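Dear colleague,

I am passing on the structure below, and after it you will find my notes on what was found. Please read them with the model open beside you.

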Amino acid sequence: MLIKFSIKNILTRRRRSLASLAGISISIALFISVILILKSAQEAFKKPLQDAGSDMIVQLQGEPCVWSIVKLPTDLNPIPLKFIDKIKSLDEVVAVDGALITWTFPLSSLSKMQKIHGSAEVYRGNIPAVKEVKNSTGTPCETGPAGSFCQTDEHAPVPSNFSPIVVAGVSSEPGELGPITKSDLKNIEGRYFTKEDKYAVIVDKDFARTRNLKLEDDIDIGPRLANKIIGIIDPGYDAKIAGAQVFIPLKVAIEMAGRGDIVDIIFVKLKGGVDTAVVKQKIKKALENDSVTITTSRDYLSSVAGFSFLAQGLMLAIFFIVILIVFLFIAKTAFAAALERSGEVGTLKAIGWRNKDVIKLIIMENAMLGFLGGLIGSVLGYLASFIYKINLPLALPYYLNPYPPCSRYLVKTLIVPRAGFPINIFLLTILLAVIIQSLSGLLAAIRILRLTPVDAARRL
Amino acid sequence: MSIKLENISKIFQASHKELKVLEDINLEIKDGDILVIFGKSGTGKSTLLSLLGGMDVPTSGKVIVDGVDLSNIKPDEFARFRKEKIGYIFQAFNLLDNLKAIDNITLPIVLDKDKNKKVDKIMELAAEMGIKDRLSHLPGELSLGEQQRVAIARAMINSPRIILADEPTAHLDNENSLKIIEIFKKLNREQGITIVLATDHEVVASSFEHRFKLGV
């Protein structure tokens, strides 16, 4: 009976109901959009690590390596392969794998450089610097065939097609960790490496398209001109940790780099629930190197797009202020709307309604409005966050995805937060809207019911 | 159903000042009586009426209905008393403007499980009040006379033994006023309902035999 009467009241008091609904919906939309944007940014930060099957990335950052035909990316230093076993031996670690990312100059383009500069002798290994360039502070910059390889200047002309290819040496067998995991193989055309493969490569789909490469074609990387394409992999939508344009077996990459058994990125999978801070210390101790960089999703949140810990704290504070404002607004609107009904309540009491009947009516109506407003607000908030999020790409830190800054090929260095549809958050928000709306109605009803029926009825 | 007022006073607090509206009122209304509380505006007619119906509480004194002191009954019993024994008609009718006339009439019984059993009663009341063809209209679509009759029908829906009407003709023209007075007389005559009216219209007051005058 009461439900029927409540629905009738909501439907017939259209202006009041719409005003309440608008208030709740806008508040909930604001709340949901803030939550979803924060949550999706958080998820987006985790995604590259999840894609690589890892909880931690171990790297050594330091002085730039000298220029050579096969060069480690700027700022990345080699890590001896034996350290993988040391990390593997830690109790908290489930799995470890390493990769070797390199910037590799195509032999053909170096031949052109040779023609321009005359003296450069091309062979596997180092190329002598043509000239040394100093920056404005007098510190020597990286030197190479053209000084700074991506900026042409009048002293060191660079052929337009001169650009290194990002080549990653990966395990010969697909595993759970690394730039290409087992789950990525569903996106591969052709096949993955076998242990027998040597001069076989897998190329990035976008890279292949840009260069018009197909399966079985040969590609010129580093010192070797003929490398057979056995697979073309679609890396997906987002930037990947150690994403590369060309993948080769790790042993071949090590041989090409010519710096011994090394990797420059280590992927670590941890047991569930372990304290990452403790593991970090153990890894540093195991590697006997304090300058080792260990990255978790939380760490690069602080280094991406100016997200300092202070900013994170500020965002958290803003989040709580938004929650407070939203729910105070809902409470105030519901309270005021219920108070406006003093005359109606007085009349109902005068004709024999009990206090509990009046309370039930107001709570029921408020709960229904809270539910509807929560539902509409959730959908609006979802749409708002969706629109906002697709315009909020987050850059993966450079050291996790070290592409040459002047790369002429399509480079995926951005993570685009997706608009998730977290049903649990929606349900919880709707429930909160119902509870707050009902409680506010209850408080207002209690206040009205303190009046005598005739006093309340006079306010109609 | 008899009503007895013993030494009733009512003082309102207005802006830190006491406003004595009723002072030491003694009154007895016998079962089946029809009484007019008559007086100028501001003499406390509506206040007295609301005290009779348990809509307000006196500052001092007792309201005794059928031997029961209203100050001694619990809130739920008070609500039942108002629902079953009293039919209260507000001066401004107090119809809920979002509900149709029929819904306003059934408002006192809308939560009752057996409300459907009262369909005949509703139609009978509507016919009696001459509003049968106006039941599906909102209050705003009715004339003041029709609104008043809807308010009377609402007051009658639970067949109360007492009807309290506050200035029932205040908003009506002479023709409608006479109709309303006739309705009350008929209810008293045919059903033996105790009726108490508050009015400042001398013509209305003079239509009834028993009058209680408030103020000088």
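**The sheet of chain B**

In strand β4 of chain B, the residue B:K62 is the bridge partner of B:E6. Before going further, please note that this is a predicted model, in which local features need pLDDT of at least 70 and side-chain atom pairs count only at pLDDT 80 or more, while totals for chains, interfaces and linings use all residues. Residues are numbered from 1 along each chain as its sequence is written, and chains are lettered from A and ligands numbered from 1 in the order in which they are written.

Helices (H or I, at least four residues) and strands (E, at least two) are DSSP runs numbered from the N terminus, and two strands are said to pair if DSSP finds at least two bridges between them. Strand β1 (residues 3-14) and strand β4 (residues 60-65) of chain B pair in the antiparallel sense over five bridges, and β1(B) also pairs with β2(B), again antiparallel, over nine bridges. These strands belong to an open sheet of four, in the order β2-β1-β4-β5 of chain B, with antiparallel pairing. The edges are held by β2 (17-29) and β5 (68-69) of chain B, each with a single partner strand, so one side of each is left without a neighbour in the sheet.

Where β1(B) and β2(B) form a hairpin, two residues lie between the strands, and B:S15 takes a positive phi near 50°; B:A14 stands opposite B:K17 of β2(B). As background, most residues other than glycine have a negative phi. B:D24 is not a glycine, yet has a positive phi of about 50°, and its place is in strand β2 of chain B. With 11 other C-beta atoms within 10 Å, B:D24 is exposed; a residue is called buried if 20 or more other C-beta atoms lie within 10 Å of its own, exposed if 12 or fewer, and partly exposed in between, with C-beta atoms placed from the backbone. B:D66, also not a glycine, has a positive phi of about 50°, and is found in the loop between β4 and β5 of chain B. B:D66 counts as partly exposed, with 13 C-beta neighbours inside 10 Å.

**Helix α5 of chain B**

How far apart are the end C-alpha atoms of helix α5 (residues 144-156) of chain B? They are 18 Å apart, which agrees with the span that its 13 residues should have at 1.5 Å a residue, the expected span being 1.5 Å times one less than the number of residues. Eleven of the 13 residues of α5(B) are buried, so this helix is largely enclosed by the rest of the structure. What covers its buried residues includes β6 (86-89), α3 (101-105), α4 (119-129), β7 (162-166) and α6 (174-191) of chain B, where two residues are in contact if their C-beta atoms, placed from the backbone, lie within 7 Å.

One of these covering elements, α4(B), packs against α5(B) at an angle of about 145°, with their axes 10 Å apart; axes are lines fitted to C-alpha atoms, for helices over the stretch in contact, and angles run from 0 to 180 degrees between N-to-C directions. The contact is made by B:L125, B:A126 and B:M129 of α4(B) together with B:R149, B:I152, B:A153 and B:M156 of α5(B).

B:R154 is also found in helix α5 of chain B, and is buried, with 28 other C-beta atoms within 10 Å.

**Chain A and where the chains meet**

The secondary structure of chain A comes to 13 helices and 16 strands, and of its 460 residues 42% count as buried. Among contacts in chain A between residues at least 6 apart in sequence, 82% join residues at least 24 apart.

Between the chains, 20 residues of chain A are in contact with 22 residues of chain B. On the side of chain A that touches chain B, α1 (2-12), α10 (342-350), α11 (355-389) and α13 (453-457) of chain A each supply at least two residues, and α1(A) gives the most, with four.

With kind regards
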